[in-house]
Amino acid sequence: MAQIGVNAWVWSSPVNLEEFSRLAPHVARMGFDLIEVGIEGIHDLDYARAAEVATANGLAVSVCAAMGPDRDLIHDDESVRANGLAYLHHCIKATRTIGATNLVGPMYSAVGRTWQQTEEERQRDLDRLVPQLRELAAAAGEEGVVLCLEPLNRFETSFINLTSQAIEVADRVDHPAFGLLLDTFHMNIEERALGDAIRSAGTRLRHLHTCENDRGAPGTGHVPWTEVAEACRAIGFEGPMVIESFTQKVKSIARAAAIWRPLAETQDALAIDGLTFLRALTA
């Protein structure tokens, strides 16, 4: 049976220990297997205490990196690159401490930074990125952590939009602690066929964000879920499948993720409806 999770960003941001302690039992009662937490500020959450809370509620955990303007591995400013690298090393330690395996996200440049590249500039940036990711993958492997690189849609980055582009990076990094995260929301914008993209990722796929085309509950829009499920079965992928959405009530994250209206009657309904659909889809 697929491991199905939900991101704490469905309800709040940033997540401190008090909020994590409130959300974990709530998520467990809904029937989720896993809770995903983003690391926005590096001092927001006590990871060891959060690990105790997750264990007490029978939940697995995954961790999402939040790449802001000062955390960018391909920025021209060396200090910005160094800060991004240090942040991701922090996230690796945090992932281990909180008891998680997967550290996921767009671990290359700041979310929202878009620019026009020539092919030569793109190759330069790939050459700048890959050695840093190899360093991070080696550190992750020592901690029992797997890095899962995420392509984003064209409005959130101009660097890695397609599964094929993420595969190129993964194959150049070439480390067992390095894989891919694919997100159906982004794929719905960028990929010509979601099933083909998932099949092309093959065993590189280590994590799946399951969101509807409007970032709402899976099953409420036009993402081709049967195609997604068939492709996952074809490559032997059984999760984690994580609902990642956001609340418009947190203005900073609503602005960043362009959440201008409610995506369900309540945030709880978004989570429960998505879980019910995914359980049926993967049964």
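**Barrel, pocket and cavities of the predicted model**

The lining of the second largest pocket comprises nine nonpolar, two polar and four charged residues. In this predicted model, the space within that pocket amounts to about 230 Å³. Of its 15 lining residues, Phe 185, Arg 215, Ala 257, Ala 258 and Ile 259 are the closest to the centre of the pocket. Helix 6 (184-190) and helix 9 (251-257) each contribute at least two residues to this lining.

Eight strands form a closed barrel in the order 1-2-3-4-5-6-7-8, with parallel pairing. From one strand to the next, the twist averages 30 degrees. Strand 6 (residues 178-183) is joined to strand 7 (residues 205-209) in the parallel sense by four bridges, and Asp 183 has His 209 of strand 7 as its bridge partner. Helix 1 (residues 17-30) lies across strand 1 (4-7) and strand 2 (34-39), at about 155 degrees to strand 2.

Two cavities of 30 Å³ or more were found in the whole structure. The largest cavity has a volume of about 40 Å³, and the residues lining this cavity include Asp 183, Leu 182, His 186 and Met 187. Strand 6 and helix 6 are the elements that give two or more residues to this lining, and helix 6 provides the largest share, three residues. By class, the lining of the largest cavity contains four nonpolar, three polar and three charged residues.

The second largest cavity has a volume of about 30 Å³. Strand 2 gives the most to its lining, with three residues. Among the lining residues are Val 37, Gly 38 and Ile 39; the lining as a whole divides into five nonpolar, two polar and two charged residues.

Terms used: Residues are numbered from 1 along each chain as its sequence is written. This is a predicted model: local features need pLDDT of at least 70, side-chain atom pairs count only at pLDDT 80 or more; totals for chains, interfaces and linings use all residues. Side-chain values use heavy atoms; hydrogens and water are left out. Two strands pair if DSSP finds at least two bridges between them. Axes are lines fitted to C-alpha atoms, for helices over the stretch in contact, and angles run from 0 to 180 degrees between N-to-C directions. Contact means heavy atoms within 4.5 Å. On a 1 Å grid over the protein atoms alone, a cavity is a set of points where a 1.4 Å probe fits but cannot get out, and a pocket is an open set with protein on both sides within 12 Å along at least five of seven lines; lining residues have an atom within 4 Å of a point. Grid points are joined across faces, edges and corners, and a volume is the space filled by probe spheres set on the points. Ala, Val, Leu, Ile, Met, Phe, Trp, Tyr, Cys and Pro count as nonpolar, Asp, Glu, Lys and Arg as charged, and the others, Gly among them, as polar.
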